[in-house]
Amino acid sequence: MKKILNWTISLLLFALLASCGHRASENAEATHNHEAGHNHDHDHAGDADHDHDHEGDEPVAAAGDHAYRKPIVLTPEQIAEAGISTQKAERKPFGEVIPAIGEVLPLQGDQATVTARSEGVILFDRKVYEGTPVASGERLLAISSEGMSREGQAEQLAREQLLYEAARSRYERNVELSKNQLVTLSELQQSETDYRSAELRLNNLKKGFQDGALRVTAPQAGYVTEVFVNQGDYVTIGQPLFTVSKNRDVVLRAEVSPQYVAQLPQVVSANFRTSAGADFFSVQELGGRVISYGRQIDPQSHLIPFYFSVPYRTDFVAGSFAEIKLVMRDGAPQIVVPKEALVEDFGLFFVYTKDDHGFEKREVLPAGSDGRRVAIKSGIAEGEEIVTAGAPRLKLIERLGSLGAEAAHAGHSH
């Protein structure tokens with residue numbers, strides 16, 4: 001019995017010691033975990049301190065991010081030197097635009113072609129080239145047939161004189177015979193026609209005949225647009241010699257795709273630029289007008305012609321090609337900015353806005369252009385101040401990464 005009691009006491013002591021050891025192990029592990037957690041927290045605190053040290057740094061925009069970090073700040077002197085001007089964005093009626101190509105043509109009736117009224121050799125009285133200004137009735141050249149085997153002007157004048165006198169005598173005789181009804185009315189009328197025609201030919205020949213040659217004059221004041229002959233050329237009756245244009249108006253001929261045929265009656269004007277210049281002109285602002293448009297497709301070009309009359313300018317050269325924007329009647333009001341306000345960058349479009357903080361580059365979505373103005377679908381609001389002149393220089397200043405006088409100066413062309 002005593003032996004059993006001793007074993008029981010021994011087991012109880014062993015269990016007690018094991019329990020104490022387990023608690024000590026747990027306490028040690030907890031202590032270790034606490035220290036590890038303290039170190040971890042310390043590491044994070046260091047990270048926080050690290051972030052705190054860089055708190056004032058400017059965040060870098062990611063590639064493709066078009067939110068611009070700082071406005072462009074310029075002094076009034078730099079703005080003036082860079083040629084920058086602004087205006088408020090306005091909401092205006094903006095009509096649909098039809099794109100077209102075309103050319104500048106002379107106006108019918110504004111151009112006269114002079115032809116030879118006799119055959120002979122060309123003798124210029126003065127140097128005549130395309131663009132030479134001439135006065136109405138001014139002598140430009142002569143046609144001489146002296147010394148040639150064929151009939152000369154003197155013989156031609158004598159022949160026309162005989163034909164005229166014969167025609168006049170026949171007409172006067174028929175007038176007397178008609179009093180006694182000895183000639184029919186048709187015979188009388190025909191004799192009168194022959195007489196007037198012979199008189200006209202003779203007067204025309206007399207008017208130009210001088211010093212053995214037929215003098216050729218300008219039929220109207222204007223400019224020589226084409227010269228078909230050279231000194232010493234032989235010409236025959238009816239051959240073109242030169243063309244004189246009054247240059248009061250020209251015709252703008254647009255070639256339009258058939259897909260716009262239903263919209264053509266709504267066209268009221270056009271903006272165009274010729275191959276001679278970079279600026280777009282407005283037919284309406286120049287005082288021009290719509291003449292007409294075709295009702296069927298041209299079988300050669302497969303396009304529909306549209307015609308405008310435009311007052312003449314020296315850079316509206318007949319025969320020059322033109323880029324044309326047909327302008328329809330005004331539509332719904334839209335935000336409209338001058339074409340010069342828009343800048344392109346990597347296929348995207350922007351304008352520069354201005355407020356109390358400076359200039360800011362703003363991405364916009366164009367809705368259409370008439371060549372001179374651009375309708376903006378989104379990106380700016382009515383009343384915002386936008387740069388209308390000098391936008392490319394602002395773009396250069398921005399790219400240089402400097403907003404000082406050097407950047408403004410670099411954007412200024414001398």
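Let's start with one side chain: a polar atom of the Asn-271 side chain sits 2.8 Å from the backbone oxygen of Asp-370. Keep in mind that this is a predicted model. Asn-271 belongs to strand 14, and because its relative accessibility is 5%, under the 20% cut-off, it counts as buried. Beyond its neighbours within four places in sequence, Asn-271 is in contact with Phe-280, Phe-281 and Ser-282, with Glu-323, Ile-324, Lys-325 and Val-327, and with Asp-370 and Arg-372.

Now step back from that residue to its strand. Strand 14 pairs with strand 18 in the antiparallel sense, over seven bridges.

What about the nonpolar side chains here? In soluble globular proteins, nonpolar side chains tend to be buried together. In this model the largest nonpolar core has 23 residues, and the members touching the most others are Leu-252, Val-256, Phe-308, Ile-324 and Leu-326. The elements giving two or more residues to this core are strand 3 (97-106), strand 13 (249-256), strand 14 (267-274), strand 17 (304-311) and strand 18 (321-328). A second, separate core has 17 residues, including Val-128, Val-216, Val-224 and Phe-242.

Setting aside neighbours within four places in sequence, Phe-308 is in contact with Val-250, Val-251 and Leu-252, with Val-267, Ser-269 and Ala-270, and with Val-283, Arg-289, Val-290, Ile-291 and Leu-326.

Strand 6 is joined to strand 10 (residues 222-227) by two bridges, and the two run antiparallel. In that pairing, Val-134 stands opposite Gly-222 in strand 10.

Next, follow strand 24 (residues 385-389), which pairs with strand 1 (residues 85-88) in the antiparallel sense over four bridges. Here Gln-87 has Ile-386 of strand 24 as its bridge partner. Strand 24 is also joined to strand 21 (residues 348-355), again antiparallel, by two bridges. Glu-385 in strand 24 stands opposite Lys-354.

Zooming out, the chain has six helices and 24 strands. Of its 414 residues, 31% are buried. Among contacts with a separation of 6 or more, 74% are between residues 24 or more positions apart. The accessible surface comes to about 25400 Å², with 53% of it belonging to carbon and sulfur atoms.

Finally, how far does the predictor's confidence go? The average pLDDT for the chain is 77, and 76% of the residues score at least 70. Residues 1-68 stay under 50, and the model has 10 contacts for them beyond four places in sequence. Residues 403-414 also stay under 50, with 22 such contacts in the model.

Definitions and conventions: Residues numbered from 1 in each chain as written. Predicted model: local features only at pLDDT ≥ 70, side-chain atom pairs only at ≥ 80, totals over all residues. Heavy atoms only, no water. Core = buried A, V, L, I, M, F, W, Y, C linked by side-chain atoms within 4.5 Å. Buried < 20%, exposed > 50% of the residue type's maximum accessible area, 1.4 Å probe, protein only. Contact = heavy atoms within 4.5 Å. Pairing = 2+ DSSP bridges. pLDDT = per-residue confidence, 0-100. Areas by Shrake-Rupley, 256 points an atom, 1.4 Å probe, with all protein chains shown as cover. Polar contact = N/O pair within 3.5 Å; in protein donor to acceptor, adjacent residues only side chain to side chain.
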